[in-house]
Amino acid sequence: MATPLVVSDVAKSFTMHLRDGVTLPVVTGVSFSIRAGECAVLGGPSGAGKSSILKMLYGNYAVDEGQIIVQHGGGLIDLASASPRTVLSVRRHTIGYVSQFLRTVPRVSALDVVAEPLVERGEDRETARAKARSLLAQLNLPEKLWALPPATFSGGEQQRVNIARGFITEHPILLLDEPTASLDAKNRDVVVELIAAKKAAGVALLGIFHDLDVREAVADRVIDVTAFAAGKIAA
Amino acid sequence: MTDEPLLRVSALSKFYGSRVGCENVTFDLWPGEVLAVVGESGSGKTTLLNCVSTRLLPSSGTASYRMRDGQWRELYRMSEAERRFLMRTDWGFVHQNPADGLRMTVSAGANVGERLMAVGDRHYGRIRATAVDWLSRVEIDEDRIDDEPRAFSGGMRQRLQIARNLVTGPRLVFMDEPTGGLDVSVQARLLDLLRGLVTDLGLAAIVVTHDLAVARLLSQRMMVMKDGRVVESGLTDRVLDDPRAPYTQLLVSSILQV
Amino acid sequence: MNAQSNDIATYNFAYLDEQTKRMIRRAILKGIAIPGYQVPFASREMPMPYGWGTGGVQVTASIIGPDDVLKVIDQGADDTTNAVSIRAFFKKVAKVAVTTETAKASIIQTRHRIPEHPLNAGQVLVFQVPIPEPLRFLEPRETETRKMHALEEYGLMHVKLYEDIAKHGRIATTYAYPVKVEGRYVTDPSPTPKFDNPKMHRSPALQLFGAGREKRIYAVPPFTDVVSLDFEDHPFEVQTFDQPCALCGAENVYLDEVILDDHGGHMFVCSDTDHCEKRRADGHHGHLAPETHLASEETEPAE
């Protein structure tokens, strides 16, 4: 089976220059791979570095050591050492990401926030909007909110916009950072369905889920992050 | 998508006597890419912008630009006539103070139309129709077309300046603190407008700002400058979420939380 | 003649010293070589104030010779103060023949008109220019306007015409209407009515422009293209008058309005007084012409 993401010996620490240069190790020796069509879950207590790992995989955090090999555009690239331009291309075409919080932009409607990743990939705006509508409907976001900018939405509503935005594209790799944290049971089930559909479509998923029920429902295996603990000081 | 950059800047330095304006700055800019240059006053970001936009000649270093015909030209070897032509056709420059970029005593329509007339458009009706179109794109009512920018608010003036710059369909726009001096609500509207225009038109832009929120909203990549040097560069969200250089950490930690 | 002429005799021919004339002639030659280009020159103090034609007078003084016949007009008229005093000046300092007849003059110094009578090869028209820079009111920096001329960046000139149409529905500039000379330099034709612009185009006469206060000389050599700027959908047009000259009945000439009384009575008459008188002498008359035909005795009072 295809393995679109291979992480080997990745290490990450923060150097706090404002605190006399003290170094906070986060993780070290992170090694795992994700196969197409599988959903792996990062496990471990808060502060173990789960989020940091996801952020490194998305290029949002810099990587100190190791490699993150991604199948991208018919070849293999190392995301840990890729140029910003390559990272942008990976984000556009290969790796999708659902963050914990939606970063809102003033005056852009929820519908366009969701449609944007498709438009960026060159999809026609109306086709993208149609797909956005069906996703928002599936996630039970009231239709009267679609035309409004999400800045004033509740946490749960924002999260559903965020999920729709992350799931709208057909990225072969999808990273999920607690997508169900502020959802009710009904919508959690919708997310579980969405993840199952992605798996069936051959997408490699890696997520963080604190909700045990959701984790049970979607996880093919759990990667224990405590194994990568950088020791001494917990970050 | 092309795999060739639009602009290549290499080892650019500008000295004012023994003082450093900017030193040894190197970067490439691709079509459709927005690069933010951040730093505090005196960090050299505006000097860099002026050098790259050929408003100032650097002390050393090179900058090459890929012309519309695909030819690479070294900016500092072009004749002044060629550079000025480039400036009013394929480039735009948005000044912090709109009065520096507008003709305050001619109408909004003529401000937008001037670049068209400069490249030889001699049809009044067409020039005016284009001006109307651009005013609406920057959210200025059509019935203000014959008013002078002196009668406009700061935010409107800035939007007019943007329309004036974009009317010839430039591929590269330089912006010097485009939201500086505006009220927060006016800033948000302008940023949103800029963001939309940059995406829709596929513009490449170099935005100088001291406001990290502006950098985050507009740019994909950023460079952090201090004392004339680039201390950190990379993807905008990487630099802001995982700042590495001591100075960047200081900048990021100095943002007021709302 | 008398004692007064002894004082005058201490002046050089045509008032200016020969070195100054050489300097001005060089500027004129350069101007002729680069049609429409404003040549800086070391303008002298003249015995009349700026604004009274000091630029034109210096040009005339530098090209005039003892055999020349000089005509001076002010807004088309030979008999207004400015014209009379400049004519008297050259009569005194150069002792040249003067005339009011366009056809008989070899040099015509003018303030703000081109005579109606067509000019011939060999004649020189000297314009008095207050502000030689056509871009001045749009771009106040001389450093910048020079650059614009050098780089042929003339979009700004059309901005002015655009503003006219936007404000008035048509190009409302009626005098000092900008022209492009020989396809290169945008030039101010001096504050002549735009009615006269077509007369500059391919004129057989040499046209010289002098701006004394601004210290600039420029030229349009004979048979040079002079095109008035315009828009495709708002083409250049000259003024038209819906009635002929009230005195001589001339049509297609530039008319001045003359107030006749305090009750709104007025008439339109030729601005070119010589042209009007010639026509009346030839038997033309308009609807307000006096029936008693005055014998014209306006011939050249040569010295």
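User: What should I know about the model and its numbering before I start?

Analyst: Welcome! The model is predicted, so local features need pLDDT of at least 70 and side-chain atom pairs count only at pLDDT 80 or more, while totals for chains, interfaces and linings use all residues. Residues are numbered from 1 along each chain as its sequence is written, chains are lettered from A and ligands numbered from 1 in the order in which they are written, and side-chain values use heavy atoms, with hydrogens and water left out.

User: How many residues of chain B are in contact with chain A?

Analyst: Contact means heavy atoms within 4.5 Å. Here, 27 residues of chain B touch 24 residues of chain A. Buried area is the accessible area (1.4 Å probe) that two parts lose on being put together, summed over both. For chains B and A that comes to about 2100 Å², with 51% of it on carbon and sulfur atoms.

User: How many salt bridges are there between chain B and chain A?

Analyst: A salt bridge is a side-chain nitrogen of Lys or Arg within 4 Å of a carboxyl oxygen of Asp or Glu. Between chain B and chain A the count is five. One of them pairs Asp237(B) with Arg91(A), at 2.7 Å from N to O.

User: Which elements of chain B supply the side that touches chain A?

Analyst: Helices (H or I, at least four residues) and strands (E, at least two) are DSSP runs, numbered from the N terminus. In chain B, α7 (184–201), α8 (212–218), β10 (229–235), α9 (236–241) and α10 (246–253) each supply at least two residues of that side. The most comes from α7(B), with six residues.

User: Which residues of α2 in chain A are buried?

Analyst: Buried means under 20% relative accessible area, exposed over 50%, and partly exposed in between (1.4 Å probe, protein chains only). In α2(A), residues 84–93, the buried residues are Arg85(A), Val87(A), Leu88(A), Val90(A) and Arg91(A). They pack against β4 (65–72), β5 (75–78) and β6 (95–98) of chain A, together with β10 and α9 of chain B.

User: How many bridges join β9 to β10 in chain B?

Analyst: Two strands pair if DSSP finds at least two bridges between them. Six bridges join β9(B), residues 221–226, to β10(B), and the two run antiparallel. Within this pairing, Arg221(B) has Leu235(B) as its bridge partner. Their hairpin has two residues between the strands, and Asp227(B) takes a positive phi near 50 degrees.

User: Where in chain B do Arg229(B) and Glu23(B) lie?

Analyst: Arg229(B) is in strand β10 and Glu23(B) in strand β2 (residues 19–29), 206 residues apart. Their side chains meet in a salt bridge of 2.7 Å, N to O. Arg229(B) counts as partly exposed at 42% relative accessibility, and Glu23(B) is partly exposed at 22%.

User: Are Arg84(B) and Glu144(C) buried or exposed?

Analyst: Both are buried. Their side chains form a salt bridge of 2.9 Å, N to O. Arg84(B) lies in helix α2 (residues 80–89) of chain B and Glu144(C) in helix α5 (residues 142–150) of chain C, so the pair joins two chains.

User: Why does the pair of Asp196(C) and Arg113(C) tie together parts that are 83 residues apart?

Analyst: Asp196(C) lies in the loop between β7 (185–187) and α7 (197–200) of chain C, and Arg113(C) in the loop between β4 (107–111) and β5 (124–128), so their pairing ties together those parts. The salt bridge is 2.7 Å, N to O, and both residues are buried.
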